[in-house]
Amino acid sequence: MPVKIRLQRHGKKGKPFYWVVAADVRAPRDGKFLQKIGTYNPNTNPAQIEIDIDEAVKWLHFGAQPTETARRILSYKGVLLKYHLQGGVKKGALTQEQADAKFAAWLSEKEQKISQKKDALQKGKASAKQESVKAEQAYSQKRKEAIAAKAQATEAPAESSSEETANETEA
């Protein structure tokens, strides 16, 4: 029975949410699956991905082939790296401790990159909000000046016409 690691779509129209599952290739996309490995939510920035790394590696050892999107997700979370390191342990090129240390170092580096991206996004949102507030204040100031100029323009002809009527009554 050939097995694929693929995405199973959930959520509503326009708001997809995916389960990462190991399923028989003959099963429909949202049909029966063998095991749920994790979840993927592309609606957030950065996307939320939760994968049971050990279960995914187990399915890869069983011969499951990930789809292209699932391969990218597994690579992003380090499943393929761990699978590769486990192959080195089986061949005797690495010890289990060395493989675990390499994987832990890679995970900490990846977490640091993700946190930097989140910080940059929050700073970008804050600066965009400040810019919009400044633009609103400038627009508001221009409107106040325009209203004041219009009011002054309507007062000036009224004053000159009242002076002219006063001069005509005196004469």
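1. The buried residues of helix H2 (68-77) pack against S1, S3, S4, H1, S5 and H3. Here helices (H or I, at least four residues) and strands (E, at least two) are DSSP runs, numbered from the N terminus. Buried means under 20% relative accessible area, exposed over 50%, and partly exposed in between, with a 1.4 Å probe and protein chains only. The buried residues of H2 are Ala70, Ile73 and Leu74. They lie on the same side of H2, because they cover an arc of only 95° around the axis; the arc is that of the directions from the helix axis to the C-beta atoms. In an α-helix there are 3.6 residues a turn, so residues three or four places apart point the same way. Glycine 78 follows H2 and has a positive phi, near 90°.

2. On provenance, this is a predicted model, in which local features need pLDDT of at least 70, side-chain atom pairs count only at pLDDT 80 or more, and totals for chains, interfaces and linings use all residues. Residues are numbered from 1 along each chain as its sequence is written, and side-chain values use heavy atoms, with hydrogens and water left out.

3. The sheet is open and has five strands in the order S4-S3-S2-S1-S5, with mixed pairing; two strands pair if DSSP finds at least two bridges between them. S4 and strand S5 (65-66) are the edge strands, each pairing on one side only. H2 packs on the sheet and touches S1, S3, S4 and S5, its direction making about 85° with that of S4. Axes are lines fitted to C-alpha atoms, for helices over the stretch in contact, and angles run from 0 to 180 degrees between N-to-C directions.

4. Within the sheet, S1 and S2 pair in the antiparallel sense over 10 bridges, and the bridge partner of lysine 4 in S2 is alanine 23. The hairpin of S1 and S2 has two residues between the strands, and glycine 14 in this hairpin takes a positive phi near 85°. S2 and S3 also run antiparallel, joined by five bridges; alanine 22 has glutamine 35 as its bridge partner in S3. S2 is largely enclosed by the rest of the structure, because seven of its 10 residues are buried.

5. The largest nonpolar core has 24 residues, of which Ile5, Val20, Ile37, Tyr40, Ile51, Trp59 and Val79 touch the most other members. A nonpolar core is a set of buried Ala, Val, Leu, Ile, Met, Phe, Trp, Tyr and Cys residues joined through side-chain atoms within 4.5 Å. Among the elements that give two or more residues to this core are strand S1 (3-12), strand S2 (15-24), helix H1 (53-62) and helix H4 (96-170). H1 supplies the largest share, five residues. Contact means heavy atoms within 4.5 Å. Leaving aside neighbours within four places in sequence, isoleucine 51 is in contact with Val20, Ile37, Gly38, Ala56, Ile73, Leu74, Lys77 and Val79.

6. In H1, the buried residues are Ile53, Ala56, Val57, Trp59 and Leu60. They are on the same side of H1, because their arc around the axis is only 160°. Just after H1, glycine 63 has a positive phi of about 105°.

7. The structure holds six salt bridges, a salt bridge being a side-chain nitrogen of Lys or Arg within 4 Å of a carboxyl oxygen of Asp or Glu. One of them joins aspartate 54 and lysine 82, whose closest N and O atoms are 3.0 Å apart. Aspartate 54 lies in helix H1 and lysine 82 in helix H3, so the pair ties together parts that are 28 residues apart in sequence. Aspartate 54 is partly exposed, at 48% relative accessible area, whereas lysine 82 counts as buried at 17%. Leaving aside neighbours within four places in sequence, lysine 82 is in contact with Ile53, Asp54, Val57 and Phe103.

8. A further salt bridge links the side chains of aspartate 24 and arginine 26 (3.0 Å, N to O). Aspartate 24 is buried, at 13% relative accessible area, while arginine 26 is exposed, at 64%. Both residues, together with Leu34, are in contact with methionine 1, leaving aside its neighbours within four places in sequence. Methionine 1 lies in the segment before S1 and counts as exposed at 65% relative accessibility.
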